[in-house]
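Let's take a walk through this one together. Have the viewer open and follow along.

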Amino acid sequence: MSSDTVHQKTLVKEIMSNSVISVDSSITATDAAKMMEDTGVGAIAVLENGSPVGIVTDRDFAIKITAHSYPIDTPIRRIMSAPLISIDPNSDLWTASDLMTTRNVRKLPVIDDDRIIGILTSSDLVKYFASL
């Protein structure tokens, strides 16, 4: 079985991280950054009315807060990346890898029934493929 066949049959839900931090879009950038630091994550899912609408990554902080000189009490909705690019847990790794490459994202929320159930990162893919 070739590695192409293996990653086409391996599903996102098999290697995604189930640990995802979600916050309401009204919290401040400072509070979100503190949560990211406290939990050791590089991204937080942003919700409005309980539904995922965006993602804030460490890169968003570097570019949007620093480069644009936004105040640190800016609501997170102002710096989030939206619309949210996500994937279904039953998608294969080839689809996930292609989506991440074509949309230039490194973190891909996994959504099932309008709920974020996990996150797939480019690091997850590299570790998986390196283990084959």
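We'll go from the sheet to the helices around it, and then on to a hairpin. Keep in mind that this is a predicted model.

Three strands make up an open sheet in the order 1-2-3, and the pairing is mixed. The edge positions go to strand 1 (22-24) and strand 3 (51-57); each has a single partner strand, so one side of each has no neighbour in the sheet. On average, neighbouring strands here are turned by 35° against each other, if you ignore direction. As a reminder, strands of a sheet pair through backbone hydrogen bonds, in either a parallel or an antiparallel sense. Strand 1 and strand 2 (residues 43-48) are a parallel pair, joined over three bridges. To find your bearings in that pair, look for Ser-22, which stands opposite Ala-45 in strand 2. Packed on this sheet is helix 3 (residues 29-39), which touches strand 1, strand 2 and strand 3. The direction of helix 3 makes about 135° with that of strand 2.

Now follow the chain out of strand 1. In the loop between strand 1 and helix 3 sits Ser-25. Is Ser-25 buried or exposed? Its relative accessible area is 2%, and under 20% counts as buried, so Ser-25 is buried. Which residues is Ser-25 in contact with, leaving aside neighbours within four places in sequence? They are Val-46, Leu-47 and Glu-48, along with Pro-75, Ile-76 and Arg-77.

Over in strand 3, pick out Thr-57. Thr-57 has a relative accessibility of 14%, so this residue counts as buried too. Setting aside its neighbours within four places in sequence, Thr-57 is in contact with Met-36, Gly-42, Ala-43 and Lys-107.

Next up is helix 4 (residues 58-68), where Asp-60, Phe-61 and Ile-65 are buried. Look down the axis of helix 4 and its buried residues fall within an arc of 95°, so they line one face of the helix. Helix 3 and strand 3 are among the elements that cover those buried residues. Just past helix 4, Ser-69 has a positive phi of about 55°.

Helix 5 (residues 93-103) can be read the same way. At its start, a side-chain oxygen of Asp-92 reaches to within 2.9 Å of the backbone nitrogen of Trp-94. The buried residues of helix 5 are Leu-93, Ala-96, Leu-99 and Met-100. Viewed down the axis of helix 5, they fall within an arc of 125°, so they line one face of the helix. The exposed residues Thr-101 and Thr-102 are on the face turned away from the buried side of helix 5. After helix 5 comes Asn-104, with a positive phi near 55°.

Strand 4 (residues 107-112) and strand 5 (residues 115-121) run antiparallel and are joined by six bridges. Within this pair, Pro-109 stands opposite Ile-119 in strand 5. How many residues lie between strand 4 and strand 5 in the hairpin? There are two, and Asp-113 in the turn has a positive phi of about 55°.

Note on methods
Residues are numbered from 1 along each chain as its sequence is written. This is a predicted model: local features need pLDDT of at least 70, side-chain atom pairs count only at pLDDT 80 or more; totals for chains, interfaces and linings use all residues. Side-chain values use heavy atoms; hydrogens and water are left out. Buried means under 20% relative accessible area, exposed over 50%, partly exposed in between (1.4 Å probe, protein chains only). Helices (H or I, at least four residues) and strands (E, at least two) are DSSP runs, numbered from the N terminus. The arc is that of the directions from the helix axis to the C-beta atoms. A polar contact is a pair of N or O atoms within 3.5 Å; within protein, one must be able to donate a hydrogen and the other to accept it, and residues adjacent in sequence count only if both atoms are side-chain atoms. Two strands pair if DSSP finds at least two bridges between them. Axes are lines fitted to C-alpha atoms, for helices over the stretch in contact, and angles run from 0 to 180 degrees between N-to-C directions. Contact means heavy atoms within 4.5 Å.
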